[in-house]
Amino acid sequence: MKYHAAVIGAAGYAGVELVRRLVEHPAFELRSATSDSDAGIRLDEAYPAFTGVTDLAFTAHDDPAVMECDVAFLAVPHTAALRVAPALVEAGVTVIDLSADYRLKDPAAYEAWYGIPHTSPELLARSAFGLPEITGGELAEAARRRAAGEAVLVACAGCYPTATGLAAFPTVHAGLAQGVINVHAVSGVTGAGKKASARTHFCSANENAEAYGVGTHRHTPEIEQILGAPGRVMFVPHLVPLNRGMLSTVSMQVPRAGFTLEKAHELYADFYSARPFVHVLPLGAQPKTASVAGTNHAHIGLGWRAATETLVATCAIDNLGKGAADQAVQCANIVFGLPETCGLATMALPV
């Protein structure tokens, strides 16, 4: 049996990455890929990588085929999902949302950080947060509800929160991290979306690195929600000249007698031992963005300085993979009762 799938916002970077996964997925059949600006254009014309793979063409967002699908992936900007998701769920379509609209559990927090009221708080209350290695219980409950005949909504974690959450969670969950959790993270240019801006224009982004949104970035409350650490995260994102890739470096104070790097490594290895996509690297090794590009994998490295009682956890992911499209497919696999790794068994190019 194949489940019929749609990607809304399929012409953007995260959307077309979803298309790449779904056209080869053994259990999801892509029936609709929408883009108002590209409607009528074949996918292989807009993205020649699809030559010989699919003859599908983009359709408008109001494509009636979307409402006949089992699942719709929303690769749309924040606030747009608020207008789309309720009608899809009401029509019986399960929604996997890559936007920020249903991530923050508190609608007041959403309004404070995104500047508009949340218009479907009742759907927000029923949504599952999509970071499988940390919120697997929410996804399992969503799977149970979908199997019982209910259309469900999954709000996939953002790219920075995914890399940061995976890096920090075992330490914070164990009650070891004290005080402020300092996060310095870098992202490739695709993280800013397909529409160019002064910051992402080639002449600005090439041969340049810069911090932005220091102390004000909208992913801050999402990171704090994942970690259960309200008011304790200092998040500093940076834009670097990569097409794709993300590296989050988290520094945490662990003032505990007898704590060692070896104990930290054991903590992380045990925590992620059953997770197929998270790999804790050997002591002395640090993750590289190139090692996870094009995949759903996350690589974690650890460092420790006894003099300052500081544990440093670094996580590399592909911002379009584990940070967006691949994680969405991973969540959909779980919700539809499929193996978590279905359609995602890809390794990065070694060179």
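This is a predicted model: local features need pLDDT of at least 70, side-chain atom pairs count only at pLDDT 80 or more; totals for chains, interfaces and linings use all residues.
How many salt bridges does a search of the whole structure find? The search finds 13.

**First stop: helix H1**

Please select Arg 20 and Glu 17. Their side chains meet in a salt bridge, with N and O 2.8 Å apart. Both residues belong to helix H1, which spans residues 13-22. Because they are 3 residues apart in this helix, about one helical turn separates them. Colouring by accessibility shows Arg 20 as partly exposed, at 29% relative accessibility. Glu 17, in contrast, is buried, with a relative accessible area of 5%.

**Second stop: Asp 318 and Arg 244**

Next, select Asp 318 together with Arg 244. A salt bridge joins their side chains, again given as N to O, at 2.8 Å. Which parts of the chain does this pair link? The parts are distant ones, 74 residues apart. Asp 318 lies in the loop between strand S13 (310-317) and helix H11 (321-335), while Arg 244 lies in the loop between strand S9 (233-239) and strand S10 (246-253). Asp 318 is buried, at 0% relative accessibility, whereas Arg 244 is partly exposed, at 28%.

Now display Glu 17, Arg 20, Arg 244 and Asp 318 together: salt bridges that share partners join these four residues into one network.

Move to Asp 44, which forms a salt bridge with Arg 42. The closest N and O atoms of this pair are 2.7 Å apart. Is Asp 44 buried or exposed? Asp 44 has a relative accessible area of 15%, which means that it counts as buried, the limit being under 20%. Arg 42 is partly exposed, at 37% relative accessibility.

Select residues 80-90, which form helix H3. Its buried residues are Ala 80, Ala 81, Leu 82, Ala 85, Leu 88 and Val 89. Turn the view to look down the axis of H3: the buried residues fall within an arc of 160 degrees, so they line one face of the helix. On the other side of H3, Arg 83 and Glu 90 are exposed.

To examine the surroundings of the buried residues of H3, show the elements against which they pack. Among them are the strands S1 (3-8), S3 (71-74), S4 (94-97) and S6 (153-156). The buried residues also pack against helix H4 (107-114) and helix H5 (121-126).

Finally, select Gly 92, which follows H3 and has a positive phi, near 90 degrees.

Technical notes:
Residues are numbered from 1 along each chain as its sequence is written. Side-chain values use heavy atoms; hydrogens and water are left out. Helices (H or I, at least four residues) and strands (E, at least two) are DSSP runs, numbered from the N terminus. Buried means under 20% relative accessible area, exposed over 50%, partly exposed in between (1.4 Å probe, protein chains only). The arc is that of the directions from the helix axis to the C-beta atoms. Contact means heavy atoms within 4.5 Å.
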